[in-house]
Amino acid sequence: MLPAAGKHLFLWEISCGLIQEGESVRTFGRLSCYDMSRSEAELTAPQGAIQHRICISTKSVEPFQAQIGSMYMALGEIERAEGEVPVLRARVLTCVDGINLPLLECAVQEQRKYFQSRTSETRTTSH
Amino acid sequence: MVCSKEDPAAISSDKQSFWMQSEPAKPKKETPSLLWGLDPSFLAFAKMYIKDILEMKESRQVQSMFMYKGRPVKQVDILGTVVYKRERENFYNYGVDDSTAVINCVCWKDKEEMEKPPLGATSHQSTVGGLNLVEKLKKLKELEFQSVRMEIGDVIRVRGHIRVFREQREVVASIYYKVDDPVCDIQISRMLELPYIYRNIYDQPFQVPEQLKPESQEMNNLTFSSLVRQLSEKVKSFLMEGRVENFYQRELETMEPFISMASQPLCLDQENSSCGSTSKQVHHIFRDVLGLLQEKGVIFQKLPNSDKVYHVTDYKKELHEVTIGIIQADCKRQRYAEKGCHFLHILSGVRQVYSPHVTEAVMQRVLDALERNSDIISTMDKFYVAF
């Protein structure tokens with residue numbers, strides 16, 4: 001069976017705990033630490049002055065060659081939304097060092113804007 | 001009628017209107033399939049969101065064609081992350097995720113690839129001879145082989161057509177390859193590109209070019225020229241069946257099947273805007289009908305005046321006899337004995353003897369009829385003899 005689509009979310013949107021459990025997402029962040037024995041890694045992303053972080057469960061993607069300090073793309077399901085740090089169980093965890101983050105942000109916003117304009121259009125036409 | 005399986009609401013609303021009216025009324029009219037070729041999205045590999053590929057409606061006219069906002073889509077171009085993989089004997093199944101949805105892609109294996117032993121079994125030993133072409137070719141093949149073998153997390157680009165298999169839509173790849181995108185540049189540029197393409201192309205309603213509209217309307221609305229064409233066919237078959245030799249325009253104008261046809265209401269166009277009343281319209285139509293038949297050589301006049309008598313080329317014995325006479329007489333002369341007389345020579349003879357208003361089309365029709373009857377023989381193209 002095909003898994004659900006991992007929609008683009010910024011790390012700070014996940015870390016603030018608004019995403020429900022079981023939801024499929026993809027996000028980008030810097031690998032700050034990796035605990036091989038617990039199969040847990042941590043991704044961080046700054047937003048303004050605040051450093052946001054989420055925990056990545058790496059059980060499904062091991063063996064995992066961790067490069068601490070590199071940028072990673074994680075795709076998977078939110079395993080635990082509550083608690084101090086949300087946990088994302090990764091199906092895909094790829095190193096994307098050198099990614100143009102501002103451009104990526106812009107691309108994600110563009111895509112969202114487009115889909116929003118479409119839903120608002122159908123709403124106005126259905127009324 | 002094919003309804004989209006994915007959209008139960010569309011089916012029920014379709015059925016309702018189907019039963020309420022005798023003709024299946026469509027909630028939104030589809031462009032006739034004949035005009036699909038004018039739409040650039042037709043047969044192009046449309047770069048689309050996977051969500052839209054899964055949700056757009058199947059065409060009512062042609063199976064396996066899909067309509068996105070009225071535009072026909074058959075083939076798509078997608079880029080995404082491989083999130084599912086299954087290897088079969090002849091193909092791979094890859095689940096591709098572009099962050100809007102996941103779709104299954106059927107990627108056929110290369111013939112050679114199927115015969116090849118699995119990766120790893122190939123030897124890497126003999127790299128010593130740098131000029132060993134066989135080895136190099138092997139390596140190249142291996143690289144190619146690797147580019148079609150995806151692992152979960154790889155970025156894949158697929159171009160192919162949409163197919164419905166076991167009620168699930170999938171893309172059957174015509175080409176597919178692993179995209180080397182270490183810093184996501186290609187994915188980002190695709191994400192920036194798609195909203196632009198959607199806004200400027202896919203979401204814009206497809207307009208059938210203006211110059212093509214009247215022709216498509218002709219099927220429903222009668223125009224002056226189409227009526228003239230139809231009526232000329234009717235008149236022609238009437239003349240042929242009745243073996244009519246001569247007639248006047250006023251005779252045709254009073255014959256019942258023709259007059260009711262000619263007085264049908266017409267949709268206005270530039271050509272007939274000048275004629276006001278029905279009788280005027282009828283007169284104009286018959287004038288054009290007879291003009292058309294004259295052009296084709298079916299009928300002719302010895303004196304060009306619409307009040308005068310018209311002759312039917314096939315049954316005007318006099319003209320046939322005159323023509324044979326000219327050819328017979330000239331073939332006795334030394335000059336024409338061997339080759340026969342040329343078409344234009346015969347025509348000028350007929351114009352002198354019979355009528356200066358005989359056209360080339362009429363002449364050709366007469367000669368063809370005589371030849372069919374074995375009264376004359378053509379020696380080569382446009383040359384005729386008679387004995």
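A salt bridge is counted here where a side-chain nitrogen of Lys or Arg lies within 4 Å of a carboxyl oxygen of Asp or Glu. The views below show a predicted model, in which local features need pLDDT of at least 70 and side-chain atom pairs count only at pLDDT 80 or more, while totals for chains, interfaces and linings use all residues. Residues are numbered from 1 along each chain as its sequence is written, chains are lettered from A and ligands numbered from 1 in the order in which they are written, and side-chain values use heavy atoms, with hydrogens and water left out.

**View 1. A salt bridge between K85(B) and E151(B) links distant parts of chain B.** The side chains meet at 3.2 Å, N to O, and the two residues are 66 residues apart, with K85(B) in strand β5 (residues 75-87) and E151(B) in the loop between α4 (133-148) and β8 (155-165). Helices (H or I, at least four residues) and strands (E, at least two) are DSSP runs, numbered from the N terminus. K85(B) is partly exposed, with a relative accessible area of 32%, and E151(B), at 40%, is also classed as partly exposed; buried means under 20% relative accessible area, exposed over 50%, and partly exposed in between (1.4 Å probe, protein chains only).

**View 2. R118(A) and D52(B) form a salt bridge that crosses between chains.** The N to O distance is 2.6 Å, and the pair runs from helix α2 of chain A, which holds R118(A), to helix α2 (residues 50-55) of chain B, which holds D52(B). Both R118(A) and D52(B) are buried. Over all chains, a search of the whole structure finds 27 salt bridges.

**View 3. E170(B) meets R163(B) in a salt bridge of 2.4 Å, N to O.** E170(B) counts as buried because its relative accessibility is 5%, whereas R163(B), at 29%, counts as partly exposed. Elsewhere among the salt bridges, D77(B), R157(B), R159(B) and R190(B) are joined into one network through shared partners.

**View 4. The largest nonpolar core contains 37 residues.** Such a core is a set of buried Ala, Val, Leu, Ile, Met, Phe, Trp, Tyr and Cys residues joined through side-chain atoms within 4.5 Å. The members that touch the most others are I14(A), F28(A), L43(A), I56(A), L88(A), L93(A) and I99(A). Elements giving two or more residues to this core include α1 (11-15), β2 (24-35) and α2 (101-126) of chain A, and also α5 (185-202) of chain B; the largest share, 6 residues, comes from β5(A). Another core, of 33 residues, lies apart from this one, and its members include Y114(A), Y49(B), I103(B) and V171(B). In chain A, which follows the pattern β-α-β-β-β-β-β-α along the sequence, buried residues make up 45% of the 127 residues.

**View 5. Three strands of chain B form an open antiparallel sheet in the order β13-β15-β14.** Strands are taken to pair if DSSP finds at least two bridges between them. The edge strands, each pairing on one side only, are β13 (341-342) and β14 (377-380). β14(B) pairs with β15 (residues 383-385) in the antiparallel sense over 3 bridges, and S378(B) stands opposite Y384(B) in β15(B).
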